[in-house]
Amino acid sequence: MLALLKRTGPGRRGRRTIADVAEQTAPPVIRDGTPAKPDAAVVRDALGVGVAVGLSGFAFGVTSAGSGLSVLQTCVLSLLVFTGASQFALVGALAAGGNPFTAAAGAFFLGTRNAFYGLRLSQLLAVPKAVRPVAAHWVIDETTAVALAQPSRRAARIGFTVTGLTLYVLWNATTLLGALGAEAIGDTAAWGLDAAGPAVFLALLAPMLKSATERATAGIAVLLGLGLLPVLPAGVPVLAAALAAPAVLWAQGRRAAATAGRERDSR
Amino acid sequence: MNVWIAIGLTAVGCYLVKLLGLLVPAGTLERPLVQRLATLLPVALLAALTAQQTFGAGDAVVLDARAAGLAAAAVALVLRAPFLVVVGAAVAVTAGVRALGW
């Protein structure tokens, strides 16, 4: 969904991703005094993202029902989890025979990035304390990207709310349609629908592979994820592959320290 | 029942991390190392999940029609196709290759 934002959403600024926007806007600049962006323009941006991404709930509904979850289970996931990558990861892990704890752990780790989005948004939107428990449910990739791209707090609040509402309604409606459709189709694999999940992951991953650090992490994670598949219980290899992230950071830190050491010696 | 346990844990866990970001004082999670780990963790998880759901079959690694579908998705991504087109390409090519009996 990040990939999609790059093209259609207000996040489109060359090859930047939400993470970039988040990094580069720290601390968020609130310019309430500047000429405001018209509310209608903000709503248009937000609707564009909300509608396009919201429709992809169909792919989730089909994948989830095709993985053996019931229509009710599929819809409860979209209603209560409401963060796409985690939902796809969970049904994929369950379909592969993972136990509920390792499956949920993988989905949870994928969801931790939302905490960092929330951190940015709480400063940008100045969410009142009473509203936070409700607003939290909509703190995801797309709402964050739209809100961070706005020039004022008012525009950011409108962008967040309109994106969140549109996406929530559409994502859940299309999840239901997809799940019902998958039940009607029967053998979803014959229709190639088992390829929807990995394609979604690839589309999310592609814009994140900006530098050698990200590519090295992805490469090691692929090797660990596939290499450990035959030896560890279902669901565990993905968690082990997550260790690629701290491993690459550690190796980088060591190399930086070694370079600094050599520079010191040469002086 | 196991599925419901997994759904419950995921729903509660994912909601709490979302809420955490809105509740903690600014600056708590701002340490550079924490930020970089938070950026890299999804990269590792998404890469591993992509590979497993393309090449995994139970506890075995296999090459089947899904690999062709994923290649189609990769081409669509390089061509900067919209998200739904990327997913659609993967599904269509996988179905096509399977229909050919591969």
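1. Which residues touch the most other members of the largest nonpolar core? In this predicted model, they are A:Ala199, A:Ala203, B:Ala44, B:Ala48, B:Ala73 and B:Ala90, out of 117 residues in that core. Helix α2(B) provides the largest share of the core, 11 residues. Chain A takes part through two domains: domain 1 (37-208) and domain 2 (209-260) each give at least three residues.

2. Next, the interface. Chain B puts 64 residues in contact with 89 residues of chain A. On the chain B side, at least two residues come from each of α1 (2-23), α2, β2 (60-61), α3 and α4 (83-99). Helix α2(B) gives the most to this side, with 20 residues. Sorted by class, the side of chain B that touches chain A has 45 nonpolar, 13 polar and six charged residues.

3. Last, the confidence of the prediction. Chain B has a mean pLDDT of 91, and 98% of its residues reach 70 or more. Among the elements of chain B, helix α3 (residues 65-78) has the highest mean pLDDT, 97. The lowest, 89, belongs to helix α2 (residues 32-55) of chain B, the element that gives the most residues to the side touching chain A. The model as a whole scores ipTM 0.90 and pTM 0.77.

Technical notes:
Residues are numbered from 1 along each chain as its sequence is written. Chains are lettered from A and ligands numbered from 1 in the order in which they are written. This is a predicted model: local features need pLDDT of at least 70, side-chain atom pairs count only at pLDDT 80 or more; totals for chains, interfaces and linings use all residues. pLDDT is the predictor's confidence in each residue, from 0 to 100. Helices (H or I, at least four residues) and strands (E, at least two) are DSSP runs, numbered from the N terminus. A nonpolar core is a set of buried Ala, Val, Leu, Ile, Met, Phe, Trp, Tyr and Cys residues joined through C-beta atoms within 7 Å. A residue is buried if 20 or more other C-beta atoms lie within 10 Å of its own, exposed if 12 or fewer, and partly exposed in between; C-beta atoms are placed from the backbone. Domain bounds come from an automatic or database domain assignment. Two residues are in contact if their C-beta atoms, placed from the backbone, lie within 7 Å. Ala, Val, Leu, Ile, Met, Phe, Trp, Tyr, Cys and Pro count as nonpolar, Asp, Glu, Lys and Arg as charged, and the others, Gly among them, as polar.
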